[in-house]
Amino acid sequence: MRQQQDQYWPGSARPDRKHHLRLASALLFLCLGGLSVACQAVDAHLRVAVYENLDYPLNIFDKNHQLIGGLQKEFTDLLAKKISARASYVAYSRRRIEHAVIQGDADLMCYSSPGWFDLPKEVNWSLPTFPQVERVVVMADKPGLEILPQQLEGKRLAVQLGYHYPQIGAQLAEGKIKRVDLTDVPGMFRMLSLSGADAMISSDSEIEGYFKNYPDKRALYKVSKTAFSIVHTQCALSHKSGWKIEQINAAIQSMQDNGDMEKIMHRYGLSSR
């Protein structure tokens, strides 16, 4: 996907980014203290990578696949404001997004985890942010799967292409569970309905996002009450970024302390617990 990182700086006189980052660092404590005048003095750039295959409520894309809303954008826009930055967004595939952050093509990505990275030590990890709760979905006329992961053995399991599932890593390697890789959640639901898989794994947010888009489909599926996994996601900051993990953490802590994160989750029908 073509990156548009320079579109925010018209003409040829692009401001010195290092100069802005020095100012941002010096004024961080003022911004977190609520002195908006001081914060407005800095207009640095925070390049954010997002997963192109995550949809509502995490991401809302327009018809040109530009990020225009969703939990991630609302959270990262506020984070950027707290460090006196403007956030810009580029969507990457699951296969490319880790490389983009490690190589410094993006400063930051959120809603991630060290356990999902192939090279987790190649980035800095923030404080925990939003929890991701994954559940197992089957067709409504099939027995529910609540004893996990034992009841997954012998099943064809629809999962996200490129995602790690350490809870069932051994069973997948031994062939006790057959992995059926799909690139998006609607495709996983469709595969399930066509009997191409016996069950699927997805997060609460993505499951609810699918049912929001297709409310008539809800009665066709059964979602487990037992969580397959619970991960408190984090933000990954590139080692090559001019921003510091202390700045990111201070902003996140401020958002947690004043209830901003809880309010964002509530707006999208999600719980932080």
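Predicted model: local features only at pLDDT ≥ 70, side-chain atom pairs only at ≥ 80, totals over all residues.
Residues are numbered from 1 along each chain as its sequence is written, and side-chain values use heavy atoms, leaving out hydrogens and water.

Switch to cartoon view. The chain holds 9 helices and 12 strands (DSSP runs numbered from the N terminus: helices are H or I, at least four residues; strands are E, at least two).

Now show the surface. The accessible area is about 13,500 Å², and carbon and sulfur atoms own 53% of it (Shrake-Rupley method, 1.4 Å probe; for residues, only the protein chains shown count as cover).

Turn to contacts (heavy atoms within 4.5 Å). Take those between residues at least 6 apart in sequence: 69% join residues at least 24 apart.

Next, select C110 and C235. Their sulfur atoms sit 2.1 Å apart and form a disulfide (a pair of cysteine sulfur atoms within 2.5 Å). A search of the whole structure finds 1 disulfide. The link of C110 and C235 is right-handed, with 105° about the S-S bond. Which strands does the pair tie together? C110 lies in β5 (residues 108-112) and C235 in β12 (residues 234-238), so the link joins parts 125 residues apart in sequence.

Last, check the cover over each cysteine. C110 is buried, at 4% relative accessible area. C235 is buried too, at 1%.

Technical notes. Buried < 20%, exposed > 50% of the residue type's maximum accessible area, 1.4 Å probe, protein only.
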